[in-house]
Amino acid sequence: MDIFTMSLLNTDQKNRVTEFYYRIQNAIPRPLRLPLVLITVYVAVAVLLSFMSLVGIGGQKHGLTDAVSAVSQGIQNGAYKPADQPGLCPEHYPFGMPEYRGATKQGGAFLCRYGFASYFSYGHKAPLWTAEVVSYDGAKIGKQDSQKEYEPDKQVAAEHYTSKRDLLNTEYFERGQMAAEINYSYDYWGRKETALVTNTAPQARLLNRQGWQLLENQVYLWAQDQNKHPDGLLVYSGPLYLGKVRILPDKTPIPSHFYKVVMDRKTGGSTAIVVPNEELPIYGSDGHRLSEEEKKNPKITDKRLHLGMYTVSVRQVEGWSGINFNPVFSPAMAATEATKNVWLPE
C-alpha cells in the first residue's frame with residue numbers, strides 16, 4: 001500500500017493495516033520471502049504480456065486462447081526444456097524427429113522451443129536442423145527490422161557459440177537465422193527465440209539480407225494459402241558443409257550452402273531448396289535481373305529468387321546433410337522424397 005493511500009486512512013485503520021501486514025510477514029519464513037516476491041513479479045509480467053498479446057499492444061495480437069498458450073509456453077521455456085533429451089516437442093516434427101547420423105560423434109543439444117525445435121551441434125557451432133510448423137495467421141507480416149544483436153542461450157555454454165569478433169573480422173559473414181523471424185511476426189515468444197545465437201549459422205551478409213530473406217518470405221506466404229495447405233507447412237532449415245570447408249579462427253566451420261525442406265503437413269508433398277552461401281541473383285516479377293540500385297529501391301516490392309535454379313529432391317538434401325528428416329514416413333510418402341518435386345510455385 002502506498003503512502004498516499006495510507007494518508008487517507010484514520011489512525012485505527014492504519015493500525016489494522018499495519019497489523020495485517022506484519023501478520024502476513026511473520027507467517028512467511030524469511031528464506032521464502034524473496035522467492036515469493038520474484039514469483040509474484042514473474043506472474044505479473046506474464047499477465048501483462050498476455051494482455052498485450054490479446055489486445056495487440058506491441059504488434060502482437062492473438063485471441064485469448066493463443067495469448068494464454070503463448071504465455072504458459074513462454075513460462076515453461078523461461079528455463080527451457082532439457083537439452084539432452086531427444087524426442088521432445090513432437091508438435092514441431094509431425095513426421096518424426098529428424099535423425100542425424102553424426103549426432104553421437106559430434107556432440108550437441110536437442111533444443112525444444114515454443115515455436116520450433118532444433119539440433120545444435122557443438123562441433124559445427126550451429127543448428128544442423130530446425131523444425132517448425134508454419135500455418136495461416138492472416139498473413140500478418142510485421143515490420144521486419146534487421147537483427148542487431150543475438151542473445152545467449154541458457155541451454156548451451158558460450159564456448160559452443162561462434163565468436164562474434166571472428167565474424168566481424170571477416171567483414172563478409174554474419175549470423176543468419178535458421179528458424180525465420182517472419183514466421184513469428186506477431187508472436188513475442190517466437191521472435192524472442194529466433195534471436196538466440198543457437199538459431200544461427202555463419203551466413204554471407206548479402207545472402208542473409210537479400211536472398212535468404214526472400215526465401216523466408218516466400219515460404220511464409222506459401223503457408224498462408226489455406227486452399228493448398230489447409231494444415232500448414234512443415235519447414236526444416238539448416239546449413240550444409242560440402243567440399244572444402246573454410247574455418248574461422250575459433251574453429252567454426254563456415255557452411256557452403258543452406259537448405260530449406262518444405263512439406264505439406266496433410267499430404268507429405270515436399271520440395272527442397274538449396275542455396276550457396278553467397279550473394280544470389282535477384283529478379284523482379286517480370287523476370288528482369290535487378291541491378292544493385294534496383295535491389296535497394298523500396299518501390300520495387302516484388303523482388304524474388306528463381307527457385308527453380310535451387311530446387312533439388314529431399315533425398316538429395318538427406319544425402320548431403322546426413323539427416324533423415326521424416327523417419328516415420330510410410331513407404332509411399334517416402335518415395336516422393338526421391339524426386340525433384342517442384343510443386344510450389346515461384
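The expected span of a helix is 1.5 Å times one less than its number of residues. Helix α8 has 19 residues and reaches 26 Å from its first C-alpha to its last, close to the 27 Å expected. This is a predicted model, where local features need pLDDT of at least 70, side-chain atom pairs count only at pLDDT 80 or more, and totals for chains, interfaces and linings use all residues. Residues are numbered from 1 along each chain as its sequence is written, and side-chain values use heavy atoms, with hydrogens and water left out.

**Helix α8**
- Helices (H or I, at least four residues) and strands (E, at least two) are DSSP runs, numbered from the N terminus.
- A kink of about 35 degrees in α8 is centred on W212; the bend is the angle between axes fitted to the seven residues ending there and the seven starting there.
- Buried residues (under 20% relative accessible area, 1.4 Å probe, protein chains only) in α8 include L207, W212 and L215.

**Nonpolar cores**
- A nonpolar core is a set of buried Ala, Val, Leu, Ile, Met, Phe, Trp, Tyr and Cys residues joined through side-chain atoms within 4.5 Å.
- The largest has 31 residues, and L207, W212 and L215 are among those with the most contacts inside it.
- α8 gives the most to this core, with eight residues.
- A second, separate core of 26 residues includes L128, L234, V274 and F325.

**Strands β2 and β3**
- Four of the five residues of β2 (residues 108-112) are buried, so this strand is largely enclosed by the rest of the structure.
- β2 pairs with β3 (residues 117-121) in the antiparallel sense over five bridges; pairing takes at least two DSSP bridges.
- Four residues lie between the two strands of this hairpin.
- C112 stands opposite A117 in β3.

How values were computed
Buried means under 20% relative accessible area, exposed over 50%, partly exposed in between (1.4 Å probe, protein chains only).
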